[in-house]
Amino acid sequence: MPPPCSLLCRLATLLCVWALCQAQLDTKLPPGTPIIQLRLAGDKHKHYEGRVEVYYNGEWGTVCDDDFSIHAANVVCRELGYVEAVSWSPSSKYGKGEGRIWLDNVHCSGLERTLAQCESNGFGVSDCKHSEDVGVVCSQRRIAGFKFISTLTNNVESLNVQVEDVRIRAISSQRKRVPMTEGYLEVKDGGKWRQICDLEWTEMNSRVICGMYGFPGEKRYNTKVYNFAWRRKKNYWGFGVNCTGNEASLHGCKLGHKVELRGNTTCEKGLPVVVNCVPGRAFAPSHAQGFSKAYRVEQPLVRLRGGANIGEGRVEVLKNGEWGTVCDDSWNLEAATVVCRELGFGSAKEALTGGKLGQGMGPVHMNEVKCSGFEKSLTECYFNRDALGCSHEEDAAVRCNVPAMGFQNRLRLSGGRNPFEGRVEVLAEKNGSLVWGTVCSDSWGTIEATVVCRQLGLGFANNAFQETWYWSGDVSADDVVMSGVRCSGTEMTLAQCLHHGKHLDCPRGGGRFAAGVSCSETAPDLVLNAQVVEHTTYLEDRPMYILQCANEEHCLSSSAAAATSSSYRRLLRFSSQIHNNGLTDFRPRAAHNSWIWHECHRHYHSMEVFTHYDLLSLNGTKVAEGHKASFCLEDTQCEEGIEKRYECANFGQQGITVGCWDTYRHDIDCQWIDVTDVVPGDYIFQVVINPNFEVAESDYTNNVMKCRCRYDGHRIWMYNCYIGERPEITGYNIIECDGHLSCSKPFCLWMTTFQRGLNSEKINA
């Protein structure tokens, strides 16, 4: 056995490590190393990714992807202040650059301090084209204490100021205001917060700052208040800032002129910068109600769907009376920011592509969208109407900056095995002080759990629990402080839901019967194919003697109980094709061993009620109804490249895989509405999937399908089927005009739209 390492050996090892650390901290480069500057440019979706561009010899240029590797990407990212690289992309993924291709055949070991130290053909020696420009994706984590050393007089897109390095500091009279919309702008540099001189400050700069903090706009502030408010010693930053106004964050702005720091006489003719932001309607406090009223989107032209948190989702646009998606070709932060500001949020944090927040249904309305960043609506941006060959796998989505409301500080999950589950505990006022307590589990369900997960930023609800004895929560928080909770699902906080207020009523009490939740970052999303329903509808007169099983399962109207076996029932039959467009499989809530066997039909029911079928009068009154038990949830068909996972045969696992659909054919039992007692007339046919919210989904608004229906006593017509809510008549309509969408309000178009059920004509301007 070799002898243990001696003290001298260990000392030598420590010295080697110390020397390596010193070498990494040493910012001096070997003599003769070319001085370069790097930036990430192009059609990027996040500030930490993009096409690698090099500033050398007074000119910006690109890097060829030949021989490029993850080691070279690590060198690039560290040189820009990020901890490491996540990936790199060849073939001009972020668009083709311009000018010189400075570097080709780059070989890095990964230990170099600058890309200029890596082996290459030499600056400007390349046989590449800009179609081979390389790009990188860096880690979001920044190198601690990293300070950008500019080699340029005007450092473009390389200002080392991130969101965490900027703050709006309110004056004392406004510090309790939520959200904080106004105050001094301060930048953290060298461990100290510093102010910016306002001599070159513009409204465009304020627009960018407000966008970073979740606000769609900016406004002037009361200068008199701040002329007297500044009492502390000024400590100015050494630079100005020059933004054009369409940047998603301060990271995209240019450095302004250098500020000469002269102690108390710095910025002698100016004052520290103050920004005053305008909050979106969802975050603007009302003097009468505060934030007690739930926020409901009333945006008529653009909406977000499928997002777990407020300010994120798949982008959908209303065109010709029909909601459709946006293709991700050329989708970037500028276009995403227009969407975010339009909906009352700040600038975009991410422009998501590839159906990352779920796939939509229906048409793809816009492709290759190009925005300047100053449009008031995405519908004002130009797009390519001749390139609509996109599938829903390419649906564009956004994540927006939203104001810091402090909602997460008033709610917590306790006792769970991980941060995504636990007993729900809220901070409430009791006897004049704030205490933690539980929520009564009476009437507690998936919708309430959805609001909790959203408030905590934990994604979607996975389960709602009415017993939590298996989670050992904080004993001091066992008392119930909230009862009678009923949510609509649109609320941002649990406090916005209806509840009993101070007059609590919870017979079972808290403790082991307190409400609990489990959350998930992904969820399924079921959507019915409306066209299949519309095209497969017909009437059938069926004798009662072969409907005994259906009658036992309550699939016929109440009058069937008194019907003779020789009588007939008139059935409205149709097929339904239910797609899972979410990000995870749809599975029955009940465990496999608790499914109920139905002897008559010889099958298991994994959900007691999976769909409701209703025939309504034009004023919404039910005239006939049916239901469909989910005895067989399986993958009937899937998109290309996706394998079926669920099959009902042989007591198999039930569910619907992402990208697959389950088809209930028109000729199976209970796939109907009994219309025997319905008189001829005009009706509304309605299908509701997952009506009791037994299984959590990312979007319940698309679980309802409605059709207009005409019955003359012998035949039936189904037409104008749509998913979700029919767009309201506002007098405005969206039309296509010269490659962009716009609004028009001629009376004749309004009447045409009204008469055709909001199916507006396409107008060629």
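Predicted model: local features only at pLDDT ≥ 70, side-chain atom pairs only at ≥ 80, totals over all residues.

Colleague: Is Cys 709 buried or exposed?

Modeller: Cys 709 has a relative accessibility of 1%, which is under the 20% limit, so Cys 709 counts as buried.

Colleague: How many disulfides are there?

Modeller: The count comes to 15 disulfides. One of them joins Cys 707 to Cys 721, with the sulfur atoms 1.9 Å apart.

Colleague: Where do Cys 707 and Cys 721 lie?

Modeller: Cys 707 is in strand 38 (residues 704-711) and Cys 721 is in strand 39 (residues 716-723), 14 residues apart. Both Cys 707 and Cys 721 are buried. The torsion about their S-S bond is about 115 degrees, so this disulfide is right-handed.

Colleague: And which cysteine sulfur is nearest to that of Cys 709?

Modeller: That of Cys 707, at 8.2 Å. Cys 709 is in no disulfide.

Colleague: What about Cys 64: which residue is its disulfide partner?

Modeller: Cys 64 is joined to Cys 128, with an S to S distance of 2.0 Å. The pair links distant parts of the chain. Cys 64 sits in the loop between strand 3 (59-63) and helix 2 (70-79), whereas Cys 128 sits in the loop between strand 5 and strand 6, 64 residues apart. Cys 64 and Cys 128 are both buried.

Colleague: Is that one left-handed or right-handed?

Modeller: The torsion about the S-S bond of Cys 64 and Cys 128 is about -75 degrees, so the disulfide is left-handed.

Colleague: How far apart are the sulfur atoms of Cys 440 and Cys 506?

Modeller: They are 2.1 Å apart, and the two residues form a disulfide. Cys 440 belongs to the loop between strand 22 (433-439) and helix 6 (446-456). Cys 506 belongs to the loop between strand 24 (480-482) and strand 25 (516-520), and the two are 66 residues apart. With a torsion of about 85 degrees about the S-S bond, this disulfide is right-handed.

Colleague: What are the relative accessible areas there?

Modeller: Cys 440 has 1% and is buried. Cys 506 has 18% and is buried as well.

Colleague: Let us turn to the rings. How many aromatic pairs does the search find?

Modeller: A search of the whole structure finds 16 aromatic pairs. Among them is that of Tyr 56 and Phe 123, which is stacked, with 4.1 Å centre to centre and 20 degrees between the planes.

Colleague: Which parts of the chain does that pair tie together?

Modeller: Tyr 56 lies in strand 2 (residues 49-56), and Phe 123 lies in the loop between strand 5 (100-103) and strand 6 (135-138), so the pair ties together parts that are 67 residues apart in sequence. Tyr 56 is partly exposed at 24%, and Phe 123 is partly exposed at 21%.

Colleague: And how are Phe 693 and Tyr 700 arranged?

Modeller: Phe 693 and Tyr 700 form an edge-to-face pair, 4.8 Å centre to centre and with 80 degrees between the planes. Phe 693 is partly exposed at 33%, while Tyr 700 is buried at 17%. Elsewhere, Phe 465, Trp 469, Tyr 470 and Trp 471 form one aromatic cluster.

Colleague: Which residue has its charged end over the ring of Trp 436?

Modeller: Arg 412, at 4.1 Å from the ring centre. Arg 39 likewise lies over the face of Trp 60, at 3.9 Å from the ring centre.

Colleague: Finally, how many residues of strand 17 are buried?

Modeller: Four of the five residues of strand 17 (residues 348-352) are buried. Strand 17 pairs with strand 19 (residues 397-400) in the antiparallel sense over four bridges. Ala 351 stands opposite Val 398 in strand 19.

How values were computed. Residues numbered from 1 in each chain as written. Heavy atoms only, no water. Buried < 20%, exposed > 50% of the residue type's maximum accessible area, 1.4 Å probe, protein only. Pairing = 2+ DSSP bridges. Phe/Tyr/Trp six-rings, centres within 6.5 Å; stacked < 30°, edge-to-face > 60°. Lys NZ or Arg CZ within 6 Å of the ring centre and 35° of its normal. Disulfide = S-S within 2.5 Å.
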